[in-house]
Amino acid sequence: MMDGPVGNAPRDAANWARKVDRLQVTDPAEPHGYNIEGKRVAGPMNGFGRLWQRLYLADLGTTVTPEAVVADWRAHFGDYWPRMGRFHSSLSTIQPGDVTALTAGGVTTGIMVLYADDTSFTFLTPEGHMFAAMITFSADKEASEKDAAERTIARISMLLRCSDPLFESMWPLARRGEDVFWPGVLRNLARAHGVTEVTITERTVCVDRRRLWANWRNIRHNSGIRTVVHALSAPIRRARAGRTT
Amino acid sequence: MGSAHMAVTRPAPGAAEIAIVGDVTAACEDDLMTAHEEASDAGATVIVLDFAQMEYMNSGGIGMLVTLLVRAQRRQQRIAAVGLTDHYRQIFELTRLDEAIVLHDDTASALRALAPKEGR
């Protein structure tokens, strides 16, 4: 995390991750960081496929504040994931600069927390992740025709490209998976705040139809391939470890 | 939280500068895209974003810049950023935006670097 505001430091200084060239998993005891260690982050301009802007939102009603939702979301981020994914974090709450492994759809990769404040937090993905993406989780107040009071809306918004040609070829499948996964997260979050009946709204816009062929070599980082190789080579690693102990 | 104000000027033929004043968040996307349209309507091939008077930016602001970059690339425009403090310069580097948006200290050096070369 960047140092807190000092002297003329901008007021958002503590919200941003400190600049790093290569990622290291925040929890050194975490065994799932093999597809993150030493990688660079890959924002939407570093991917390969079409650029998509996706949004999922859920109306959490009038009783909970955006600050309370985001504080809870940051503290229990992985707890709200559906069973198809696992967020391998032992950290108490999400902080700028955290680097955490995750497994989704059988593929192990990770995220870096780029930014976090009272009402939002943002992840960047590492090289090799299925998506070169920036994903923001936020909550805010919105006026409603139904109630006099403003309603709290939880949002997951993402700007993403598939990282490489292989993942791009899997985009239709991945998109369907995302359309199950993220609404599942929002339903679990809503339930934790006493909202059992929640409607999830989804919007998808293609921002850029071009594929960035200059980035086709990203496939060398492909976390799907590397997860399979890691699993297949586990017996060799175990045998080597046995010889050295 | 306040909002940003965008002012478009034309520092050189074929170039436009968008001075961004205030807080840069996703909420100012319409203002920035309008400023970009205004800059593009005059045929600018170089767009300089002047952040010297920016007071604050959150991650939504970075996302907005990615969208602007895509629009500029579609129009075959080059984008430079000037007036960034060390803090925001590091954020551009962290997010690798600096690989697509060239960072310069001031508008004059950005224009010298990006202006179309005679006889090419």
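On a 1 Å grid over the protein atoms alone, a cavity is a set of points where a 1.4 Å probe fits but cannot get out, and lining residues have an atom within 4 Å of a point. Grid points are joined across faces, edges and corners, and a volume is the space filled by probe spheres set on the points.

This is a predicted model, in which local features need pLDDT of at least 70 and side-chain atom pairs count only at pLDDT 80 or more, while totals for chains, interfaces and linings use all residues. Residues are numbered from 1 along each chain as written, chains are lettered from A in the order in which they are written, and side-chain values use heavy atoms, with hydrogens and water left out.

**Exercise 1.** Describe the largest cavity and its lining.

*Solution.*
- Step 1: the structure holds two cavities of 30 Å³ or more, and about 70 Å³ of space lies in the largest.
- Step 2: look at the lining, where chain A supplies residues including A:M45, A:L124 and A:M134, and chain B supplies residues including B:I62, B:V66 and B:R96.
- Step 3: sort the lining by class, which gives seven nonpolar, three polar and one charged residues. Here Ala, Val, Leu, Ile, Met, Phe, Trp, Tyr, Cys and Pro count as nonpolar, Asp, Glu, Lys and Arg as charged, and the others, Gly among them, as polar.

**Exercise 2.** Do likewise for the second largest cavity.

*Solution.*
- Step 1: its volume is about 40 Å³.
- Step 2: among its lining residues are A:D27, A:H88 and A:V99. Strand β4 (residues 99-104) of chain A gives the largest share, three residues; strands are DSSP runs (E, at least two residues) and helices are too (H or I, at least four), numbered from the N terminus.
- Step 3: the classes come to four nonpolar, five polar and two charged.

**Exercise 3.** Characterise the interface of chain B and chain A.

*Solution.*
- Step 1: with contact meaning heavy atoms within 4.5 Å, 24 residues of chain B and 31 residues of chain A take part.
- Step 2: the chains bury about 2400 Å², 61% of it on carbon and sulfur atoms. Buried area is the accessible area (1.4 Å probe) lost on putting the two parts together, summed over both. B:S59, B:L94 and B:R96 supply 30% of what chain B buries against chain A, more than any other three residues.
- Step 3: count four salt bridges between the chains, each a side-chain nitrogen of Lys or Arg within 4 Å of a carboxyl oxygen of Asp or Glu. One of them joins A:R40 to B:E99, with the closest N and O atoms 3.9 Å apart.

Terms used: On a 1 Å grid over the protein atoms alone, a cavity is a set of points where a 1.4 Å probe fits but cannot get out, and a pocket is an open set with protein on both sides within 12 Å along at least five of seven lines; lining residues have an atom within 4 Å of a point.
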